[in-house]
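Have the structure open as you read.

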Amino acid sequence: MIKNKPTPSDFERQSVENLVQFFNLILEKEQPWNEFDDDGSTEEMWSYHQVILKNALTLLFLAMENQLKKKICEVSPFLLLSENPSDWKTINNDKDFQEFHIRPFDDLLTLYLELETKQFDQSVIRDLNVLRRKRNQITHAIFSETLTPKGLFEDFALIIANIWGERIWWEQFRKYTVDDPAYGTYDENAENSWLSHNIEYLIGTLGPKKSGQILGVDFSRRRYLCPRCHIYLNEAAENYFYQHAVLEPNLPESQTVFCVSCQSEFGVIRKNCNHDDCKGNVIHFLRDSVYTDGEICLTCGGWQEKRGKQKYTGR
Ligand SMILES: [Zn+2]
Ligand SMILES: [Zn+2]
């Protein structure tokens with residue numbers, strides 16, 4: 001008998017861990033740089049630090065491979081083994097699953113497509129194979145091409161659209177971050193809002209339309225500030241203006257916005273913003289925040305009454 005068989009959730013966890021590290025490697029390097037460089041150009045920095053992007057590519061590939069393994073394992077973990085059953089030598093003999101070899105990427109992809117009765121465009125197969133070749137060169141040989149974060153995030157978008165599934169990756173990413181034992185030691189609300197740096201980076205790198213597609217939301221329409229993320233993100237200093245919320249449904253009379261970053265809905269009133277230079281008409285009544293309760297415009301972030309923007313002192 002084969003003992004200690006893995007479960008789909010074992011592979012899912014590994015894929016999410018790798019994905020979070022993929023984001024972290026790139027964003028940790030990007031953020032300090034952006035603070036010092038006004039034009040936002042990171043080309044020179046990345047040409048020097050190619051090794052970070054090579055590691056990021058390896059993590060992304062591992063994340064994808066683990067997704068394939070998870071989906072195959074949902075049918076049976078035995079399908080993952082590359083040896084023939086007659087070579088397993090498990091009749092009246094216990095062996096650990098870890099002792100066997102796992103199938104290579106090509107096999108995993110073929111199995112995945114057959115089990116899901118899916119077909120990929122030829123261009124998707126080609127792009128996934130290019131990614132595989134790059135990973136193999138990085139791991140086993142010399143890789144001399146220049147990698148860019150944009151190129152890696154395009155590969156990421158390809159994986160989400162064809163294998164992982166839109167939005168679900170972000171729900172898993174958030175859960176993994178929130179479950180970290182160290183999470184919330186500073187301030188849970190503030191730390192929740194920091195997650196939106198990932199979404200903003202995605203929009204900046206892939207553009208709103210493609211980012212929206214992999215997040216399962218239409219970002220080609222008007223976007224709004226999230227009344228929770230915006231407030232906590234700017235609690236210390238007002239540096240960020242991230243519009244990650246959309247009207248749900250997208251109608252003139254709609255009274256709800258949905259924030260992709262915190263995956264939450266908020267009620268809104270439809271009336272014109274009273275700031276002269278703003279044409280917004282999506283207003284949220286903010287309560288229980290660090291400010292006195294009041295109406296805030298989700299287009300410009302402006303308070304609708306002068307007294308609105310006063311921080312509580314006795315918090
Ligand atoms: Zn939010
Ligand atoms: Zn406004």
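Q: What makes helix 6 count as falling short of a straight helix?
A: Start with its 16 residues, 149-164, in what is a predicted model. At 1.5 Å a residue, a straight helix would reach 22 Å, but the end C-alpha atoms of helix 6 are only 20 Å apart.

Q: Why can the buried residues of helix 6 be said to line one face?
A: The buried set is Pro 149, Leu 152, Phe 153, Asp 155, Phe 156, Ile 159, Ile 160, Ile 163 and Trp 164. Look down the axis of helix 6 and they fall within an arc of 150°, so one face of the helix is what they line.

Q: What makes a residue such as Phe 153 "buried" here?
A: The cut-off is 20 or more other C-beta atoms within 10 Å of its own. Across the chain, buried residues make up 29% of the 315 residues.

Q: What comes after helix 6, and what is its phi?
A: Gly 165 follows, and its phi is positive, near 110°.

Q: Which element gives the largest share of the side of domain 1 that touches domain 2?
A: Take the domains first: the assignment gives domain 1 as 2-165 and domain 2 as 188-308. Their centres, taken over C-alpha atoms, are separated by 33 Å. Contact here needs C-beta atoms within 7 Å, and 10 residues of domain 1 are in contact with nine of domain 2. On the domain 1 side, helix 1 (8-36) and helix 6 are the elements that give two or more residues. The largest share, seven residues, comes from helix 6.

Q: How do you know that strand 3 and strand 4 pair?
A: Pairing takes at least two bridges. Strand 3 and strand 4 (residues 256-259) have three, in the antiparallel sense, so they qualify. Ala 245 stands opposite Cys 259 in strand 4.

Q: Why are strand 3 and strand 5 called edge strands?
A: The open sheet has three strands in the order 3-4-5, with antiparallel pairing. Strand 3 (245-247) and strand 5 (264-267) each pair on one side only, which is what the label records. From one strand to the next, the twist averages 30°.

Q: How many helices and strands does the chain have?
A: There are 11 helices and seven strands.

Definitions and conventions:
Residues are numbered from 1 along each chain as its sequence is written. Chains are lettered from A and ligands numbered from 1 in the order in which they are written. This is a predicted model: local features need pLDDT of at least 70, side-chain atom pairs count only at pLDDT 80 or more; totals for chains, interfaces and linings use all residues. Helices (H or I, at least four residues) and strands (E, at least two) are DSSP runs, numbered from the N terminus. Axes are lines fitted to C-alpha atoms, for helices over the stretch in contact, and angles run from 0 to 180 degrees between N-to-C directions. The expected span of a helix is 1.5 Å times one less than its number of residues. A residue is buried if 20 or more other C-beta atoms lie within 10 Å of its own, exposed if 12 or fewer, and partly exposed in between; C-beta atoms are placed from the backbone. The arc is that of the directions from the helix axis to the C-beta atoms. Domain bounds come from an automatic or database domain assignment. Two residues are in contact if their C-beta atoms, placed from the backbone, lie within 7 Å.
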